[in-house]
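Here is a short briefing to read with the structure open beside you.

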Amino acid sequence: MNYFLTGGTGFIGRFLVEKLLARGGTVHVLVREQSLGKLEDLRQRWGADESRVKAVIGDLTSKNLGIDAKTMKALKGNVDHVFHLAAVYDMAADEESQATTNIDGTRAAVQAAEAMGAKHFHHVSSIAAAGMFKGIFREDMFEEAEKLDHPYLRTKHESEKVVREECKVPFRIYRPGMVIGHSQTGEMDKIDGPYYFFKLIQKIRHALPQWVPTIGIEGGRLNIVPVDFVVNAMDHIAHLDGEDGKCFHLVDPDPYKVGEILNIFSEAGHAPRMAMRIDSRMFGFIPPFIRQSVKNLPPVKRITGAVLDDMGIPSSVMSFINYPTRFDTREVDRVLKGSGIEVPRLPSYAAVIWDYWERNLDPDLFKDRTLKGTVEGKVCVVTGATSGIGLATAEKLAEAGAILVIGARTKETLDEVTAQLEAKGGNVHAYQCDFSDMEDCDRFVKTVLDNHGHVDVLVNNAGRSIRRSLALSFDRFHDFERTMQLNYFGSVRLIMGFAPAMLERRRGHVINISSIGVLTNAPRFSAYVASKSALDAFSRCAAAEWSDRNVSFTTINMPLVKTPMIAPTKIYDSVPTLTPEEAAQMVADAIVYRPKRIATRLGVFASVLNSLTPKLGEIIMNTGYRMFPDSPSAAGSKSLEKPKVSTEQVAFAAIMRGIHW
């Protein structure tokens, strides 16, 4: 058998060539001259040399596929099957390229098949040829297609029409569903179809524990099939006698709804499942023109566009969420009966698909996500940089090649840290500053801008924590004043000082080291938590104003870290804490990924719990409050004796890891 393929180096094509070679055939593959290297790599994959896989130089958009006369003469009468797979399989592609490739390319393939005297022409169409038909679309239906407004739907329909009306060679048409990766290996070559939602699933997984239920959508039924089923079925049907002129739906006869698909892949990716799914038909009572008018409102379009862009989901994909078409498979069932070829159920191979995507196709893999790639040559300011989290962060930034600006109160310690960082090759600029003094903050801002022109990253780390019960604080109002002065006013003063240059340059990132106590409402830390809460609220408001000017804010709700700040509370020596280096890695992740918030899953859960059942959250925190005593210094004692810690306290602290008590 001799075969000729367009799209033989494409995703479906490379698997089909492998099947055809297994039949002992010779395969001619249409390639552009610049793609010969790609074909050679595939020959090695297939274990076939040039005598079995022959390159035919041409172009899909030229008459007779651009095949020269000499090559066409050699092919004439020597081709049993032409497989036309080349097409744009991308709903996000522009209309012109889809029309040129899908319609004109199909016409050129039909012409070439006739010119070479092929015995059979196999056209790989798509279920998209049915448009947005409402109901069951049979294999013998074509003209009945509806709502072909989207260019992908329209061009796939028109290309199939070319075959039906213009092809003189006996033809067979295959309409695959949404083709995803190989059910055994997960192999896929691009992001399309359900893959567009994988990044959303991944982000939810990073934000919430797997067992937390979420709310999502129901949607219509999406017909998803793995590439190996499509290729196996196509190879089998192509070699049967008496099937010319027919169309075959290579689809899942029992497809899943969008919500079910998202849950299947959420489980595969160890992300929370949608326990409640909203069916859009609930809003069917709203007249269509009203729904459309609301969707077209500029604020709605802007918000929708921003959310989809953040998720990497093309807006055109959303029009298929309520996909209305089901596909009849009587012809395919008939010809595949007894062959052992059938569509595997999605849950049986979803984990393989997810794993391949996360290892090979995740867009983040193709971005420079190193700290060095993010901050090298950038001006990064870290306050409170002479100890604890600030020092560990400064060390990371210096090592990554940042222009590091550090500030702290004590000049001697500042000079010591500067020498230490410079000895390791850091580009360090140290300025003494008391960040609880507003005039000192203004001087610091002016000095930094005069010397460096702007700030790319501001890490507001300098802070003061006070652990004392309210019952012991009635005569200590200055505790609240001191924490607000440094934690809130000092940080805001720096933000307001550096922001004008950030806004002018349309570039800047503010990272605030907040506390898990803001999420858990930690007892004994009312002064500290209130000051951090104020900074969190200010940052959310500022972010809403500057979102479209590329000045972003990240809040890190830091769990308990073993730093000099917590040293006076001796009971913390016996409970789990983060190291400063682990905390600095959280800061590094914030700089690289620029999320809105970084928090532990326990912290996020506590925040959700306080929103849904505030009384239960209050009881849990009160239990911890009663279990752990105030430190002797907070109670007015000068005792240096280390308090004894019970097994119950250790167990409770381990369960509530990182929470302040």
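Is the crossing of α14 and α20 right-handed or left-handed? Helices α14 and α20 cross in the right-handed sense. Please keep in mind that this is a predicted model.

**The chain as a whole**

- The chain holds 23 helices and 22 strands.
- Of its 661 residues, 51% count as buried.
- If you take the contacts between residues at least 6 apart in sequence, 78% of them join residues at least 24 apart.

**Helices α14 and α20**

- Helix α14 covers residues 388-399 and helix α20 covers residues 580-593; their axes come within 8 Å and cross at roughly 55°.
- That angle lies between the 35 degrees below which a pair counts as roughly parallel and the 65 degrees where roughly perpendicular begins, so α14 and α20 are oblique to each other.
- On the α14 side, the contact is made by Gly388, Ile389, Ala392, Thr393, Lys396 and Leu397.
- On the α20 side, you will find Pro580, Glu581, Ala583, Ala584, Gln585, Val587, Ala588 and Ile591.
- Sorted by class, the contact of α14 with α20 has 9 nonpolar, 3 polar and 2 charged residues.

**Helices α4 and α5**

- The axes of helix α4 (residues 95-115) and helix α5 (residues 151-166) come within 9 Å, with a crossing angle of roughly 15°.
- Angles under 35 degrees count as roughly parallel, and α4 and α5 are therefore roughly parallel to each other.
- The crossing of α4 past α5 is right-handed.
- From α4, the residues that meet α5 are Glu95, Gln98, Ala99, Asn102, Ile103, Thr106, Arg107, Val110 and Glu114.
- Their partners in α5 are Pro151, Tyr152, Arg154, Thr155, Lys156, Glu158, Ser159, Val162, Val163 and Glu166.
- The residues of this contact of α4 with α5 divide into 7 nonpolar, 5 polar and 7 charged.

**Cysteines**

- How many disulfides does a search of the whole structure find? The search finds 0.
- Cys167 has a relative accessible area of 11%; buried means under 20%, so Cys167 is buried.
- Cys541, by contrast, has 53% relative accessibility; because exposed means over 50%, Cys541 counts as exposed.

How values were computed:
Residues are numbered from 1 along each chain as its sequence is written. This is a predicted model: local features need pLDDT of at least 70, side-chain atom pairs count only at pLDDT 80 or more; totals for chains, interfaces and linings use all residues. Side-chain values use heavy atoms; hydrogens and water are left out. A disulfide is a pair of cysteine sulfur atoms within 2.5 Å. Buried means under 20% relative accessible area, exposed over 50%, partly exposed in between (1.4 Å probe, protein chains only). Axes are lines fitted to C-alpha atoms, for helices over the stretch in contact, and angles run from 0 to 180 degrees between N-to-C directions. Helices (H or I, at least four residues) and strands (E, at least two) are DSSP runs, numbered from the N terminus. Angles under 35 degrees count as roughly parallel, over 145 as roughly antiparallel, 65 to 115 as roughly perpendicular and the rest as oblique. A crossing is left-handed if the near helix is turned anticlockwise from the far one by less than a right angle, and right-handed if clockwise. Contact means heavy atoms within 4.5 Å. Ala, Val, Leu, Ile, Met, Phe, Trp, Tyr, Cys and Pro count as nonpolar, Asp, Glu, Lys and Arg as charged, and the others, Gly among them, as polar.
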